[in-house]
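Student: Hi! Could you walk me through this one?
Tutor: Happy to. Let's open it up.

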Amino acid sequence: MALLDRVSSPEDLRKLDLKELPQLCKEIREYLVACCAVNPGHLGSSLGAVEIAVAVHYVYNTPFDKLVWDVGHQAYAHKIITGRKEAFKNNRKSEGISGFPNRAESCYDAFGTGHSSTSISAALGFSVAASLTGSGEKCIAVIGDGAMTGGLAFEGLNNAGATDADLLVILNDNHISIDKNIGALSNYLLKITTSQTYNRIKKNVWDTIGATALRRCIQRFVRNVKHALIPTSSGSLFYALGFRYFGPVDGNDVIKLVQTLRRLKKMGGPRILHVVTKKGKGFSAAEEDQVTWHSPGMFDPVTGKRLVKAVSASRYQDVFGETLLELARTDDRIVGVTPAMASGCGMNLLMKEMPHRCFDVGIAEGHAATFSAALAVSGYLPYCNIYSSFAQRAYDNIVHDVLLQGLKVVFCFDRSGLVGEDGATHHGMLDIVSLRSLPGITICSPMNELDLRNLMFSASLPSWGPTVIRYPRGYGAGVAWRCHQMEELQRGKAVKISDGSSIAVLSFGPLGNAASKAIARFVSEGGDPVLHYDMRFVVPLDTEAIGYAASVADTIVTIEDGNVEGGLFGAVSEYVASKDCRVQVIPIGVLHSFVLQGTQAEQYRSWGMDEEGIYGILKKIKNRKNK
């Protein structure tokens, strides 16, 4: 790490000789692999984008110049270069640094990101602000080819292309072969079109001709020639949106990238540099299996062997994937829709066996919802799987296109609740709060794997309408489910887990398992029996169960993996208040906060949502009564 040890800031980086940068990139990759082997993170994308991070900071005067990373999966090298090399060892840990760009963490993180497709809009905002103040800041957005499929990216491009904003968009493309487009002709054109002399002469010619028919004729001819030389799939779209297009260029050749950026830095107006990189670059296992190594968990940094712990329980995403495939085999109406999360949510099983009935629509959650609505109008039954946090981006589509028309779409919200190391941008804490008041919706959550299987089956039946099934990241309770025939569950009906009086516990979702253990421990140590309902539904609410709880207990404890304001706690509190029930309602969940990164276990513990925390609440209630 001879060079990396000398770089603790972009200022240090810019003191290096250009010829030293390839070695620096090699050392950064070695450091990334060593750190992520023992402290897992988003490895593949960051390995591919090392040269981009190095080149941008080498050429531009960050943090004065504004660099915006889309999503942030690929920004690990950026973090290491900008003074966080040692801190990176605690990346994504509690009390450590965030896995995504975070303004509170560093002045080099110009804009906080975590969801996709926001970088162009943000960078355009910075560019306009710089123009208004006359500060002279340069603004750069780095966006991946996946994030470029999001609608917001096109909104930003469309707006920026109609301005004279000094904006550079770097399109990091790691999904196409570089052999076809990066050859002698492409490299020659790139060098010519980014040349300062060429652009000065070009400006003088246009100024001399003026805004005449001749100028328009020449410009049209030049565009046609460019479109003939540059692949339509690469440049034409951006030209149409008002951007000057440059590339493609090898994004893993740091010297060529620096030379190109130096020339582009001297230009004005909206422009896009198309760079081609290799995801997982420099680590053979990550290059060969890019899907797995996007976020591989712990691994041996020498052999590349992943260190996977043996777990008897199934992951909820596996239950979803296998159950959806079973349902689709018996019901020709069922189709799957996912916004670029096929493997992450388990829908890759359906995609492999029935590719004509499974649709990956790209990183476009709003489109996924509206697309599903039209499928429902056409007589199909879409299971639309969206990570809970990303479903926030589809709120209007769910309201306007699904619920307002009363269309039967089954939304499966994976990664609901606290998700662990990805932190505040990825927690699914707001789905209940945002959707509970909407007319015509059903919102439910399984307590275990078998419940998820049965909820998915029940949602397909005629008596159910538009439905949201929410479930967490990770493993279930270890309940057998594959051997069970699917059963219909009664919509809006809670399940009594244990009977009791004085204290009632109303849980929603898998946290009911921790509640059952806490209650058993509380009773075994002399506490009175506790009434426990797995509510299973927050809409429609089982008011009969709540009414019974309010009649036998003087304290109700609600437990949910989400924000309690407006969630199950809100629903129960509203009901008992409307009925003038003389009962205290105590919430367990997240209280009006954005939760930072850490393990799921740490997050549950800090909010009292684990067995120990629930047990502590029960003891506290008992002690208060005994006073």
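Tutor: The protein chain has 26 helices and 17 strands; these are DSSP runs, with helices being H or I of at least four residues and strands E of at least two, numbered from the N terminus. The radius of gyration of the chain is 27 Å, close to the 25 Å that the globule rule gives for 627 residues, so the chain is as compact as a globular protein of that length. That radius is taken over C-alpha atoms, and the rule is 2.2 Å times the number of residues to the power 0.38.

Student: What sort of model is it, and how are residues numbered?
Tutor: This is a predicted model, where local features need pLDDT of at least 70, side-chain atom pairs count only at pLDDT 80 or more, and totals for chains, interfaces and linings use all residues. Residues are numbered from 1 along each chain as its sequence is written, and side-chain values use heavy atoms, with hydrogens and water left out.

Student: How much of the protein chain is buried?
Tutor: Buried residues make up 56% of the 627. Buried means under 20% relative accessible area, exposed over 50%, and partly exposed in between (1.4 Å probe, protein chains only).

Student: Switching topic, where does UniProt put the "binding site"?
Tutor: The unreviewed UniProt entry places that feature at Asp 145 and Asn 174. They are spread over 30 residues of sequence yet cluster in space, with a largest C-alpha distance of 7.2 Å. UniProt positions are given in the numbering used here, feature names are shortened, and annotations may be inferred rather than shown by experiment.

Student: Which loop holds Asp 145?
Tutor: Asp 145 sits in the loop between β2 (139-144) and α7 (151-161). Its relative accessibility is 18%, so Asp 145 counts as buried.

Student: And what does Asn 174 touch?
Tutor: Beyond neighbours within four places in sequence, Asn 174 is in contact with Asp 145, Thr 277, Lys 279 and Gln 290, where contact means heavy atoms within 4.5 Å. Asn 174 lies in the loop between β3 (167-173) and α8 (184-193).

Student: Is Asn 174 buried or exposed?
Tutor: Asn 174 counts as buried because its relative accessibility is 14%.

Student: One more: which helix is His 367 in?
Tutor: Helix α17 (residues 365-377). His 367 is partly exposed, with a relative accessible area of 41%. Leaving out neighbours within four places in sequence, His 367 contacts Val 361 and Asn 397.
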